[in-house]
Amino acid sequence: MDKANRFLMIFGRGREQEKKDRGMRKGGLLDRLDRLSDTSTAYLYLMPTLTLILLTVFVPMLYALFISFSKVAFTQGNMTYDFVGLSNYMQLLSDARFLNVLSNTVFFTVTKVVATLAIAFGISLTIYFGLWGAGFFKRIFLIPWALSNVVNSLMWQWMYSGDYGIFNEVLLKLGFIDEYQMWLVNEHTAMSAVLFADIWKSVPYVALLLLAAMQSIPRELHEASKVDGGGPITAFYHIILPHIKPVIMVLLVIETMWTLRVFDLIWLLTKGGPQDSTMTLNVFAYEQAFRNFDLGYGAAISYCITILTLIFTFFYMKTLKVEN
């Protein structure tokens, strides 16, 4: 075979291979992806995330719902489920401790969310308007948020100590108390002590988001308000509040959900005591599920927390008139 024929043979095979590759690409995955619509492509990209959420959120929720309608028993190392219908929920409604626990939960949630939002508003407005103390707050207000929940709980446990706690020492020096108090074992002061510790931890996050929302407001609006003779109060009610209302809505919902599921702080400080004075639904659910090994009853209490969250969210949406 001469050189010219060999070249034509090789060149021809190369063209044929190229045609085959084009054909494979044309009917292949990439080609099919190109033909998908924008909506289908978006769903395809979201599929991994949606699958992960389905497996980690909705499947456990459905499993917990199933358990809440069951009596779970441990027989020879195996879990057995006996369907009991609404029995666990009826048991919860007839539980003598339930009303007190529900009252503690609502009081703890409302007080903590309102106080956190009020203090965070004060700090964010101080920094935003550059008032006295703005530089001080700007440098230190994120420190409590940087601490882990366990470290925060142990720190406040030490500070509230009735033997050597600095909280007692400061109040004694200021003349507010005559002697050291046992803040965490007194049923009249335990709830306030836990609330104070939780508010201290939560304020920085709320203040940070409020400040970020305020700083996104165009400066021209403030300048126009000043031209019209408006002061800081006018700017707050007519410029700042309307612009940051969606952020306030989000913060209310997030803070309510986080407060309803506070467990580590309460457990490390008081374990729900003394005499159930700091017992919330979340701690109550843990106690029933993992100390009394009544998983069905614990799951029913957990769904009570879910219902409370929905009620609070619905109330916020109606009050703030935020649709989306």
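I started with burial: buried means under 20% relative accessible area, exposed over 50%, and partly exposed in between, with a 1.4 Å probe and protein chains only.

**Entry 1: ground rules.** I am reading a predicted model, where local features need pLDDT of at least 70, side-chain atom pairs count only at pLDDT 80 or more, and totals for chains, interfaces and linings use all residues. Residues are numbered from 1 along each chain as its sequence is written, and side-chain values use heavy atoms, with hydrogens and water left out.

**Entry 2: Thr-280.** I looked up Thr-280 and found that it counts as buried, at 3% relative accessibility. Thr-280 sits in the loop between α13 (264-269) and α14; helices (H or I, at least four residues) and strands (E, at least two) are DSSP runs, numbered from the N terminus. Which residues does Thr-280 contact, leaving aside its neighbours within four places in sequence? I noted Val-101, Thr-105, Phe-108, Val-262 and Ile-266, where contact means heavy atoms within 4.5 Å. I also checked Phe-263, which is 17 residues from Thr-280 along the chain, and their C-alpha atoms are separated by 8.5 Å.

**Entry 3: Thr-109.** Next came Thr-109 in helix α5, which is buried with a relative accessible area of 1%. Its side chain reaches the backbone oxygen of Thr-105 at 2.7 Å. That is a polar contact, a pair of N or O atoms within 3.5 Å; within protein, one must be able to donate a hydrogen and the other to accept it, and residues adjacent in sequence count only if both atoms are side-chain atoms. Not counting residues up to four places away in sequence, Thr-109 touches Thr-256, Thr-259, Leu-260 and Phe-312.

**Entry 4: salt bridges.** How many salt bridges does the structure hold? I found six, each being a side-chain nitrogen of Lys or Arg within 4 Å of a carboxyl oxygen of Asp or Glu. As a reminder to myself, side chains of opposite charge can pair when their charged atoms come close.

I began with Asp-294 and Lys-71, whose closest N and O atoms are 3.6 Å apart. Asp-294 lies in the loop between α14 (281-291) and α15 (295-320) and Lys-71 in strand β1 (residues 70-75), so this pair ties together parts that are 223 residues apart in sequence. Asp-294 is buried at 14% relative accessible area, while Lys-71 is partly exposed at 36%.

Arg-97 pairs with Glu-287, and here the closest N and O atoms are 3.1 Å apart. Arg-97 is in the loop between α4 (87-94) and α5 (98-129) and Glu-287 is in helix α14, so parts 190 residues apart in sequence are tied together. I read Arg-97 as partly exposed at 27% relative accessibility and Glu-287 as buried at 14%.

Lys-112 and Glu-255 come next, with their closest N and O atoms 3.0 Å apart.

Entry 5: Ile-53 belongs to helix α3 (residues 38-68) and is partly exposed at 35% relative accessibility.
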